[in-house]
Amino acid sequence: MIEAVRVTKRYGTTLAVDDLSFTVPDGQVTGFLGPNGAGKSTTMRLTIGLDAPTSGRITINGRNYTEMRFPLHEVGALLEAKAIHPGRSARSHLRWLAASNGIKPSRVDEVLERVGLASVARRRAGGFSLGMGQRLGIAAALLGDPGVLLLDEPVNGLDPEGILWVRHLLRSLAAEGRAILVSSHLMNEIALTADHLVVIGKGRLIADGSVRDFIGRSSTNHVRVVTPQADALQRLVEAHGASVTQDGAETLSITGLECREVGVLAANNAITLYELSPQQATLEEAFMEMTRGSIEFQGEAHPAESSVS
Amino acid sequence: MTTVANVAAPSWFRVFLAAVRSEWLKLRTVRSTIWALLVTLVITVGLGALFSAARVSRWDRLDPRERLIFDPAGFSLNGLFLAQLAIGVLGVLVMSSEYATGQIRATFGATPQRRTVLAAKVVVYAVVVLVVGLVACFAAFTVGQAIFSTKHAQAALSDPGVLRAVLGGAVYLSLLGAIAIGLGAILRRTAGAIATLVGFLLILPILVSFLPDPWNDDISKYLPSEAGAAIFHVRPRMATVSPGAGLALLCAYAAASLLIGATLLSARDA
C-alpha cells in the first residue's frame with residue numbers, strides 16, 4: 001500500500017505538488033490521472049525517494065522508500081522507459097539491477113521471458129524501439145517480485161497488442177494482491193484497467209475514489225429521449241428541475257433526472273416515448289470536466305469543448 | 001510476491017557487497033571501459049618506449065651531469081602523463097554517464113543508500129585501475145630498461161626506490177580514478193567534469209608556472225600532477241614533495257573530491 005500524507009514539493013518557486021494526500025490500496029489497479037504538468041511524475045519520483053518532499057511524507061507499506069534496503073523486493077518502478085545505458089544489452093542491464101538487490105541471475109531470464117524480450121536479450125538496448133524499452137522497463141519493475149508497482153505511462157509507444165498485454169498483466173498482478181499505481185494519458189485504457197482513481201491537477205488532489213464514482217459525478221451523464229412530443233416533454237421535465245438540450249426534432253438530452261423519473265413523468269402526462277436510455281459519460285469526458293480549471297498547457301481550442309459530444 | 005514482514009533487513013555490508021557486484025557488472029558491460037583501459041595500457045607502454053628510445057638516441061650528446069641525475073625508472077613511466085587522461089575520463093563517465101542516460105534513477109531506485117553506491121563505484125574502479133596500472137607500469141618499466149640497457153643506463157627493480165616508483169605509477173592512476181569519480185558526482189555533467197579534470201591536471205600547472213618566483217614552485221609541487229610525479233620518480237625533481245608526502249596529498253585530494261561528491265549526492269534530488 002502506498003500512502004501519501006500532505007505531500008508538498010517545491011522546485012525553486014514552482015509548486016509541483018501541493019498538499020497532496022491519497023492512498024493506493026493493495027489488490028487494485030489505481031489509475032493516476034492529471035493533465036500534463038500536474039505533478040504525476042514528480043509524485044512518483046517522491047514515492048521512490050529520488051526527490052525529497054519539501055514537506056509531508058509518502059510511505060510504502062508504512063516505511064519511507066529511502067529507509068529500505070534491497071527495495072526492489074518490495075517496490076518495482078517504471079518511471080521513464082529507455083533511461084538505460086544504450087551500450088548495454090537488455091540482459092546486462094537487468095543483471096546489474098538484480099545484483100544490486102541480491103536477486104539471483106536466473107530471475108533475469110524469467111522476467112525477460114515474461115515481457116517477451118527473451119529473443120533480443122543480448123542486443124544493445126540503444127537499438128530498442130520505444131515499445132521494447134517499455135517492456136524492458138516493466139521487466140526491471142518485476143525483477144524483485146514486488147508487492148507494490150509504480151508505472152509511469154507504461155503503454156506509451158506500445159502497439160495495440162502490447163497495450164492489451166499490459167492491461168492483462170496489470171489486472172493479473174492486482175489479482176495477486178499487489179498495489180499498482182499506473183499513470184496514462186490514454187483514458188480508455190485506464191477506464192478498462194483501473195479500479196481506483198487518483199486525479200490531480202496543478203499538484204493538488206482533484207479526486208480519490210472508484211472509477212465508477214468518478215464517472216457517476218460527471219454532469220455529462222444524461223438521459224436520451226426520442227419522442228414525437230418533444231416540446232411538451234421539455235416543458236414538463238424543466239418544470240421538475242432538469243435541464244434539456246434538443247438534439248433534433250424528436251430527440252432530447254436531459255440532465256438532472258433519472259430514466260425512471262422521466263419515464264414516469266411521460267406516462268403520467270400521456271407522452272409517447274420511442275426511446276428512453278441512460279447515456280453515461282466516458283472517463284475522458286468526466287476527466288475533462290474535472291480538470292478544466294487545472295490545465296497547465298492549453299491550446300487555442302479548449303480541449304473539453306472539442307471532445308464532449 | 002515477497003511477504004515483507006518475513007524478510008530480515010540485510011546488513012549495511014550486504015548492501016555494499018551487492019552494490020560492488022552491481023557496479024562491477026556495469027563497468028565490464030560497456031565498451032568504453034575496455035577501450036579506455038586498453039588505451040591506458042598502450043599509451044603507458046608505447047609512449048614510455050618512444051620517450052626512452054629518443055633519450056637513448058641522444059645519450060652520447062648528453063651533459064655528464066644530466067647523465068648523473070638521470071632517472072631511468074621514472075623516465076620509462078613518462079607515458080603516464082597522457083594515460084592519466086584516459087583513466088580520468090573513464091572515471092568521470094562512471095558517474096556522469098548515469099546522469100546523461102537517466103540510468104541514475106534506476107541505480108538510486110535499486111539502492112537508495114547513495115553514499116554506498118558511490119563507495120562501491122570507487123572501490124570497483126580503483127581496484128580495476130590499480131590492476132591495469134600495475135600491468136602497464138611494470139611493462140613500461142621493463143621495456144624502458146631494455147632500451148636503456150643499450151647504454152648501460154638501466155635501473156633494476158632492486159635498486160633503491162625503483163619498486164616504489166613503479167608501484168607508485170599504478171597507485172597514482174588508481175587515486176586519480178577516485179578523484180575523477182568524485183568530480184563526476186559533484187558536477188554530474190560529463191563535459192564539465194572532464195574540463196575540470198583536465199584543468200587540474202594539465203592547465204593549472206602551466207598557469208602556476210607563470211607566477212613569479214618562488215610562488216610558482218611553492219604552489220606547483222602541491223598540485224595533483226606534481227604530487228603524482230613525486231610518487232613515480234626515483235630521484236625527486238626540483239621542487240617536488242617527498243614520495244610519502246605526494247601519496248598523502250593525492251589521498252587528500254581524493255578524499256576531498258569524494259566527500260564533497262557524497263554530500264551533494266545525498267542532498268540533491270536525483
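Two strands are taken as paired if DSSP finds at least two bridges between them, and the strands themselves are DSSP runs (E, at least two residues), as are the helices (H or I, at least four), both numbered from the N terminus. The model is predicted, so to speak of local features a pLDDT of at least 70 is needed, and side-chain atom pairs count only at pLDDT 80 or more, while totals for chains, interfaces and linings use all residues. Residues are numbered from 1 along each chain as its sequence is written, with chains lettered from A and ligands numbered from 1 in the order in which they are written.

On these terms, six strands of chain A form an open sheet of mixed pairing, in the order 5-6-7-3-8-9. Strand 5 (75-78) and strand 9 (204-210) of chain A each have a single partner strand and stand at the edges, so one side of each lacks a neighbour in the sheet. From one strand to the next the twist averages 15 degrees, where axes are lines fitted to C-alpha atoms (for helices over the stretch in contact) and angles run from 0 to 180 degrees between N-to-C directions. Within this sheet, strand 3 (residues 28-33) and strand 8 (residues 196-201) of chain A run parallel and are joined by four bridges; A:Phe32 stands opposite A:Val198 of strand 8. Helix 4 (residues 130-142) of chain A lies across strand 5 and strand 6 (148-152) of chain A, at about 165 degrees to strand 5. Contact here requires that the C-beta atoms of two residues, placed from the backbone, lie within 7 Å.

A further open sheet of chain A has four strands in the order 11-12-10-13, with antiparallel pairing. Its edges are strand 11 (243-246) and strand 13 (275-279) of chain A, each with a single partner strand, so one side of each is left without a neighbour in the sheet. Neighbouring strands are turned against each other by 20 degrees on average, direction ignored. Strand 10 (residues 222-226) of chain A pairs with strand 13 of chain A over five bridges in the antiparallel sense, and A:Val223 is found opposite A:Pro278 of strand 13. Helix 8 (residues 230-239) of chain A lies across strand 10, strand 11 and strand 12 (251-255) of chain A, at about 160 degrees to strand 11. Helix 9 (residues 259-268) of chain A touches strand 10, strand 12 and strand 13 of chain A, its direction making about 160 degrees with that of strand 13.

Turning to the interior, buried residues (20 or more other C-beta atoms within 10 Å of their own, with C-beta atoms placed from the backbone) make up 45% of the 309 residues in chain A. In helix 1 (residues 40-47) of chain A, seven of the eight residues are buried, so this helix is largely enclosed by the rest of the structure; among them are A:Lys40 and A:Arg45. A nonpolar core is a set of buried Ala, Val, Leu, Ile, Met, Phe, Trp, Tyr and Cys residues joined through C-beta atoms within 7 Å. The largest has 151 residues, and those touching the most other members include A:Leu94, A:Ile180 and B:Tyr172. Helix 8 (residues 162-187) of chain B supplies the largest share of this core, 15 residues.

Between the chains, 38 residues of chain A are in contact with 30 residues of chain B. Helix 2 (residues 90-100) of chain A gives the most to the chain A side, with six residues.

Technical notes: Buried ≥ 20, exposed ≤ 12 C-beta atoms within 10 Å, placed from the backbone.
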